Each structure stands twice: as structure tokens, then as C-alpha cells.
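Please keep the sequence and the structure in view while reading.

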Amino acid sequence: QPDRIMEVPDARLDPRFADNPVVTGDQNIRFYAGAPLVTRDGFALGSLCVLDRQPRQLTEAQRQALLALARQVMALLELRQALQEQARQRGLLEAHQLELEDGISRLRSEAQTDALTGLANRRAFDRRLAEELWRAARHDVPLELLVVDIEHFKAYNDQYGHLAGDQAL
């Protein structure tokens with residue numbers, strides 16, 4: 001129970017602790033008070049304890065302070081866990097973002113490149129031509145265009161086969 005303190009005013013007189021080495025040994029612990037550290041879902045992690053070498057009893061204010069400290073410890077532990085989970089989720093999101101960016105880059109490249117030759121395709125040519133036309137108009141400079149055509153390439157493919165034509169390209 002998160003609001004109950006276990007208090008042992010004099011451990012030498014308590015049969016549960018009278019023969020414990022921290023009570024009978026050099027540490028000479030006489031007083032113990034512990035507030036449970038319990039998660040929101042009711043899982044007990046341990047306790048926040050105070051010890052003394054003199055027998056004593058907590059005042060009501062001390063009890064409330066110990067319980068408040070235990071709640072604060074749990075809040076900090078849960079915050080730390082939430083921050084770790086957030087960092088893990090952020091790492092996953094960043095990894096997915098990189099995968100998406102890589103996929104987009106590959107798709108963009110495939111959409112603008114001829115698979116056989118690796119050269120820019122008509123789509124890339126049209127885009128680049130539009131950019132250059134705009135640039136030439138903006139700077140009021142002439143634009144030159146060179147077109148290369150392979151004459152009678154179909155005849156080459158027909159005579160030597162498409163594989164040979166692909167290699168020639």
C-alpha cells in the first residue's frame with residue numbers, strides 16, 4: 001500500500017529484526033521507517049527508508065514527509081522511464097525517416113534515369129530543360145541545345161539482337 005509506512009521504533013525489541021546483523025553488529029541500527037515505492041499499476045519496487053542508531057518514533061509531519069518523498073521518488077523514476085521510452089521512440093522514428101528519405105531518393109532517381117544506360121530519361125530532360133529555359137529568360141542570355149540521335153539503331157538491333165543493342169547503348 002503506497003500510503004502505509006512500516007515503522008520499527010526499536011529493532012532490538014522487534015522479533016522480526018532482533019537478530020539481524022545490522023541490528024546486532026557494528027552498524028547498531030535501532031530505528032527503521034520505510035515508505036513503499038509502488039508504481040501506478042501497483043507493482044512494489046522497494047522502499048524509501050530512514051535509519052537511526054537511536055530508538056525513536058516518527059511524528060505525523062515526518063510520516064507525511066517520508067510519504068511525500070516516496071511519491072516524489074516514484075514520480076522521478078516514472079519520468080525517467082517515460083523519457084527513455086520517448087528517446088527509444090524518437091530513435092525508431094528517425095530510423096524510419098532515414099528509410100523513407102532513402103526510398104524517396106531511390107524512387108526519384110529511378111523515375112529520372114534510364115534503367116539500361118543509367119542516363120537521364122525524358123522526364124529528367126524535360127525538367128532540366130524547363131529549369132534552363134527559366135534561367136536563360138531570367139538572366140536574358142541565349143540557350144543552346146544539342147541533340148544527338150543514333151541513326152538506323154533499329155537496324156542494328158534487328159541484325160545483332162537487342163542484347164547487342166543494349167550493350168552498344
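## Aspartate 10

Aspartate 10 has a relative accessible area of 14% and is therefore buried (buried means under 20% relative accessible area, exposed over 50% and partly exposed in between, with a 1.4 Å probe and protein chains only). Its place is the loop between strand 1 (6–8) and helix 1 (21–24); helices (H or I, at least four residues) and strands (E, at least two) are DSSP runs numbered from the N terminus. Apart from neighbours within four places in sequence, aspartate 10 contacts Arg30 and Pro55, where contact means heavy atoms within 4.5 Å.

## Basis of the values

This is a predicted model, in which local features need pLDDT of at least 70 and side-chain atom pairs count only at pLDDT 80 or more, while totals for chains, interfaces and linings use all residues. Residues are numbered from 1 along each chain as its sequence is written, and side-chain values use heavy atoms, with hydrogens and water left out.

Helix 2 covers residues 60–111. Its 52 residues should span 76 Å at 1.5 Å a residue, and the end C-alpha atoms are 75 Å apart, which agrees; the expected span is 1.5 Å times one less than the number of residues.

The buried residues of helix 2 are Leu66, Leu67, Ala70, Met74, Glu78 and Gly103. They pack against strand 2 (31–38) and strand 3 (44–52). Glutamate 78 counts as buried because its relative accessibility is 18%. Beyond its neighbours within four places in sequence, glutamate 78 is in contact with Thr39 and Arg40.

In soluble globular proteins, nonpolar side chains tend to be buried together. Here the largest nonpolar core has 10 residues: Ile5, Phe31, Ala33, Ala35, Leu37, Leu58, Leu66, Leu67, Ala70 and Met74. Strand 2 and helix 2 each supply at least two residues of this core. A nonpolar core is a set of buried Ala, Val, Leu, Ile, Met, Phe, Trp, Tyr and Cys residues joined through side-chain atoms within 4.5 Å.

Phenylalanine 31 is one of the core residues. Not counting residues up to four places away in sequence, phenylalanine 31 touches Glu7, Val8, Pro9, Val50, Leu51, Asp52, Gln54, Pro55, Arg56, Gln57 and Leu58.

## Nonpolar surface patch

Phe43, Leu45 and Leu77 form a nonpolar patch on the surface, and together they have about 300 Å² of accessible area. Such areas come from the Shrake-Rupley method with a 1.4 Å probe; for residues, only the protein chains shown count as cover. Patches are made of residues with over 30% relative accessible area and no salt bridge; like charges are joined within 9 Å, and nonpolar side chains (Val, Leu, Ile, Met, Phe, Trp, Tyr) within 5 Å. Leucine 77 belongs to helix 2 and is partly exposed, at 38% relative accessible area.

## Salt bridges

The structure holds 13 salt bridges, a salt bridge being a side-chain nitrogen of Lys or Arg within 4 Å of a carboxyl oxygen of Asp or Glu. One of them joins the side chains of aspartate 52 and arginine 56, at 2.4 Å from N to O. Both partners are partly exposed: aspartate 52 has a relative accessible area of 22%, and arginine 56 one of 39%.

Glutamate 85 is partly exposed at 35%, as is arginine 88 at 46%. In helix 4 (residues 153–160), aspartate 158 and lysine 154 are four residues apart, again about one helical turn. Their closest N and O atoms are 2.9 Å apart. Aspartate 158 is exposed, with a relative accessible area of 53%, and lysine 154 counts as exposed at 60%. Salt bridges that share partners also join Glu7, Glu60 and Arg63 into one network.

## Positive phi angles

Asparagine 28 is not a glycine, but its phi is positive, near 50°. Asparagine 28 lies in the loop between helix 1 and strand 2 and is partly exposed, at 24% relative accessible area.

Aspartate 140, also not a glycine, has a positive phi of about 50°. Its loop runs between helix 3 (122–139) and helix 4. At 70% relative accessibility, aspartate 140 is exposed.
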